[in-house]
Amino acid sequence: DLARDPLNCGGCGRAAQLEICNGQDDDCDGATDEDLSPPAAPCEIQNALGTCAGTWTCTVNGFACDAKTPLPEACNGQDDDCNGVTDDGFVDNTGAYTADRACGSCANDCTTLLAKEHAYGICNSGGLAPTCQLVCCAAGDGNARCDGTTWQDANGQPGDGCEAEVVQACTDESQCQQSEVCLGQRCTPNPQGGTCDTTADCALGDVCVGGICGCAGEQYTAEAVPPNVLIIFDRTSSMNQSAGNGQTKLQVAVAAVTQITADYDDRMRFGLLAYPATNQAGNQGEQCGAGSVFIAPALNNGPAIGAWLANVGTTNLGTPTAAALQVAIDYPGIKDPTRDNIAILITDGESSCADPVPKVTELFNLSPSVKTYVIGFGGGVDPGELNDMAVQGGTALEGETKYYDASTPATLGAALETITGDLLDCEYLLGRVPPNIEGLDVYFDRALQSLDPTHLDGWDYDAATNRLTFYGPSCQSLLEGQIDDLVFIYGCPNPIIIGSP
């Protein structure tokens with residue numbers, strides 16, 4: 001009796017407490033979990049399949065949500081994914097069971113009932129009631145039971161499937177289905193290794209990657225790695241001397257550099273350092289002054305270099321080749337560790353002011369190393385000095401003359417052409433790091449190329465830089481533009497290439 005014994009609640013043996021959600025009569029009034037407010041948050045369970053709602057209920061641990069977890073919809077008369085539709089995916093918009101896996105009811109799976117030879121079952125809902133129907137495989141059919149060949153039910157008995165192959169005669173592929181090729185004057189499924197534009201062109205189960213059927217791998221991107229090439233251009237007053245062909249040496253040198261940078265500016269990152277003087281006209285600077293980098297190395301710099309040189313002026317500030325090389329040593333634009341860094345020195349006279357050989361050595365010893373190609377233009381150079389620079393620069397030629405001797409206008413252009421040809425390489429930076437290099441396949445116009453650690457003909461991979469380089473005839477084919485499609489595919493099981501398109 002609460003009125004007579006409020007502390008002990010009559011015979012309860014404990015004091016009355018505030019009611020909480022725990023499945024007990026905490027305040028001893030004869031009711032359990034009454035007058036309690038559930039959480040303000042909605043009672044629901046959500047995942048990628050949907051959201052199921054429920055009700056907050058009291059348990060021994062407090063309020064709990066009794067919503068069910070959304071599940072993939074099954075044909076079972078329930079709304080498993082809680083989207084408001086029972087047996088969603090098995091019924092049409094009228095509620096009729098017209099799916100191939102539930103034809104008329106959940107118990108009627110046509111894909112199982114009519115899984116016959118060269119055939120499969122579908123639900124035909126065009127009659128009075130949905131019924132299962134046998135379908136013979138055909139070329140281009142995407143059903144998993146088919147092999148890309150056309151069959152027919154010759155005996156009219158669906159129970160044994162489709163037993164007669166239908167052969168389509170052909171003279172070219174235009175007479176065949178999309179996933180077929182014309183081989184031996186008959187349309188046959190496109191074999192593994194056949195050419196393709198999309199996966200629909202391949203036989204069932206194959207995929208089209210990089211224009212090749214059957215390689216269920218991943219196509220990797222790859223980017224050529226053009227070198228930084230800084231041209232160090234001597235524009236001392238001696239360049240105003242005649243070159244012997246009605247032009248000055250300056251005019252010949254400008255024409256040669258303009259031509260070579262225009263020809264290769266999409267494959268090399270050309271830059272320009274002119275010395276001495278610190279402006280284009282050549283009327284600013286100091287005696288033995290260093291000169292400046294006027295155009296930073298970048299792709300497609302040919303027009304910019306040609307335009308700058310078209311108005312270049314000569315100077316009478318000595319021939320400070322050592323100071324110009326010091327500018328290159330301090331210049332960050334040729335210290336890129338991801339690519340080759342090159343200097344090409346074009347000079348027509350003996351150096352003054354300081355010895356340039358130690359500077360070439362310092363360039364070569366940088367990290368990354370910078371090689372220096374040396375071109376002596378005309379007869380006013382010091383052969384011994386240029387020889388020493390070529391040796392220390394890592395570019396010495398065979399024979400007594402180690403540098404490129406451009407004593408005539410024609411030989412200057414030839415020297416630049418030879419040097420740029422030597423700089424062109426076949427190096428590619430892969431877009432991803434291959435987990436295992438043995439899983440990487442490389443194709444030239446859909447012809448598989450060989451991994452060749454000997455570097456005679458084929459390709460090799462450098463894991464430290466994630467770069468792939470071609471060598472020998474393979475490289476030459478790329479440089480000469482003979483290859484239209486260069487494709488890298490990783491994880492291609494048993495690649496079989498039957499020929500180029």
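Two strands pair if DSSP finds at least two bridges between them. Helices here are DSSP runs of H or I with at least four residues, and strands are E runs of at least two, numbered from the N terminus. Keep that in mind for the sheet.

Some ground rules. This is a predicted model, where local features need pLDDT of at least 70, side-chain atom pairs count only at pLDDT 80 or more, and totals for chains, interfaces and linings use all residues. Residues are numbered from 1 along each chain as its sequence is written, and side-chain values use heavy atoms, without hydrogens and water.

Now the sheet. Six strands make an open sheet, ordered β19-β18-β17-β20-β21-β22, with mixed pairing. β19 and β22 (404-406) are the edge strands, each pairing on one side only. From one strand to the next, the twist averages 20 degrees.

Look at β17 and β20. β20 covers residues 341-347, runs parallel to β17, and is joined to β17 by six bridges. Which residue in β20 does Ile232 stand opposite? Leu345.

Next, the helices on the sheet. α3 touches β17, β18 and β19 (contact means heavy atoms within 4.5 Å), and its direction makes about 20 degrees with that of β18. Helix α7, residues 409-423, also packs on the sheet. α7 makes about 165 degrees with the direction of β21. Those angles run from 0 to 180 degrees between N-to-C directions, with axes fitted to C-alpha atoms, for helices over the stretch in contact.

Last, α3 itself, residues 302-310. Gly302, Ile305, Gly306, Trp308 and Leu309 are buried, meaning under 20% relative accessible area with a 1.4 Å probe, protein chains only. On the other side, Pro303 and Ala310 are exposed, which is over 50%.
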